[in-house]
Amino acid sequence: MTDTFDVAVVGRGIVGLAHAIAAARSGLRVVVIDRMARATGASIRNFGFVTVTGQERQEMWPLAKRARDIWADVAAHAEIKIVQTGLVMCARRPAAAAVLEDFMATEMGEGCELLTHAQLAARHGEVPYQHCAAALVSPHELRIEAREAMGAVARWMQYELGVHFTDPASVIGCEPCRVITSAGTIKAETIFVCPGDDLNALYPDVMAAHGVTRCKLQMLRLAAPAFRLPSPVMSDLGLMRYEGYSALPGADALAAQLHSEQADAVAAGVHLIAVQSADGSLVVGDSHDYGDSPDPFLHEKIDAGILEEFEAVLGQAPPTIERWMGVYASSSQQNWFTKEVDPGVHLTVVTCGAGMSTAFAIGERVVGAALNRNVMKVA
Ligand SMILES: Cc1cc2nc3c(=O)[nH]c(=O)nc-3n(C[C@H](O)[C@H](O)[C@H](O)COP(=O)(O)OP(=O)(O)OC[C@H]3O[C@@H](n4cnc5c(N)ncnc54)[C@H](O)[C@@H]3O)c2cc1C
């Protein structure tokens, strides 16, 4: 296989697709290469929750707002259903409600409301919210069914944007203007490498310099309950995991209380996100286990911790009908990075659990900057 393109993208996860869309929409001839015939990694294992509220304030929050708008546009073009909108963040404890009050006092609170339990119950009457001290209701989010949407986005890219997806091939290395794969060499003026949590195959030194490791998460699908959730639901433990909340003044007091009252959940990185699919079933998670080689096993105790938090917020959990794990690239040094690793070869990795929420904006930014600068021509 030898072919010539303006842009080659390694990786058909959401980060790779984001770069490919930005390049194709600039009128360029784009090829996407992946070792799999369809996305099977983090990008189909997630909640499909495009989260704005709670993202880190300086950089990720604006990126998420832009990415949400691109998602809405892509969803309309690719005929992807927006399954849910918004967010209900239930503060079970007064200390959590205090964090939400802090949040509402920032610019990030714009468009959000802080409700009492009675107001929340009146608004979403059929949802059996257990007692909460307060609830933040955000209108900013949207949710797609990731396992269906990733294929729909790729098909739209192929048939409407003219993006070429190669047969499955492993990328062994990249040089300026050349992608060397297990099936031959592909020539492209500019190359974007978006390998997700594949830390060791391509640019392991750059990955190491950015402190990239892996994060393993456990996920559950529950049978359809009797109610419909208008919006995804989160709770106190999530206020510690999302920097847009955890950096606020009241967060330390909440963290101390959670460490004391829910020590096992905190140790396992358990928090609650509950979203609902078109068929009524619920996707519920998750947990966070960090390390380069996470074990591949699903631990019942962790699932029990997730379900315990679900029941504290939404009452009796329906039966579990599916379980899976997912892994994403993670780093404590930055939420994402891009680096020109060779002339015209750019490595981009989202190193936090917010790739579905930010990749479209990151791809747009990285591709725009790279294509303005890169003057390499295919030899
Ligand atoms: C359980 C779970 C829940 C999550 N929930 C959310 C959420 O609700 N909202 C949110 O914003 N984010 C969420 N995330 C995070 C989000 O899913 C990730 O940040 C994002 O999917 C990462 O996308 P990616 O393209 O970098 O990686 P991936 O989707 O893993 O794609 C990487 C691709 O690169 C390919 N590849 C790598 N190396 C090579 C090579 N050498 N040759 C060929 N192909 C290669 C792989 O085959 C793979 O297809 C969640 C993650 C998980 C695991």
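1. Which elements each supply at least two residues of the shell around the ligand? They are α1 (14-25), α2 (42-45), β11 (213-222), β16 (320-330) and α13 (355-373). Helices here are DSSP runs of H or I with at least four residues, strands are runs of E with at least two, and both are numbered from the N terminus. Keep in mind that this is a predicted model, where local features need pLDDT of at least 70, side-chain atom pairs count only at pLDDT 80 or more, and totals for chains, interfaces and linings use all residues. Residues are numbered from 1 along each chain as its sequence is written, and side-chain values use heavy atoms, with hydrogens and water left out.

2. The shell around the ligand draws on both domain 1 (1-48 + 145-210 + 333-379) and domain 2 (85-142 + 213-330), so the ligand lies between them. Those bounds come from an automatic or database domain assignment.

3. There are 34 residues around the ligand, and Asp-34, Ser-43, Phe-49, Val-171 and Ser-357 come nearest; to be near, a residue needs a heavy atom within 4 Å. Sorted by class, the shell holds 18 nonpolar, twelve polar and four charged residues. Nonpolar covers Ala, Val, Leu, Ile, Met, Phe, Trp, Tyr, Cys and Pro, charged covers Asp, Glu, Lys and Arg, and the others, Gly among them, are polar.

4. A ligand nitrogen sits 2.8 Å from a polar backbone atom of Phe-49. Ligand oxygen atoms are found 3.0 Å from a side-chain N or O atom of Asn-46 and 3.1 Å from a polar backbone atom of Met-356. The protein covers 96% of the 1000 Å² of accessible area that the ligand has on its own (Shrake-Rupley method, 1.4 Å probe).

5. Helix α3 (residues 60-78) has 19 residues and reaches 25 Å from first C-alpha to last, close to the 27 Å expected at 1.5 Å a residue (that is, 1.5 Å times one less than the number of residues). Its buried residues include Trp-61, Arg-68 and Trp-71; buried means under 20% relative accessible area, exposed over 50%, partly exposed in between (1.4 Å probe, protein chains only). Just after α3, Glu-79 has a positive phi of about 55 degrees.

6. Is Ser-235 buried or exposed? Ser-235, in strand β12 (residues 233-235), is buried, at 0% relative accessible area. Its side chain joins that of Glu-309 in a polar contact of 2.6 Å (N or O atoms within 3.5 Å; within protein, one must be able to donate a hydrogen and the other to accept it, and residues adjacent in sequence count only if both atoms are side-chain atoms).
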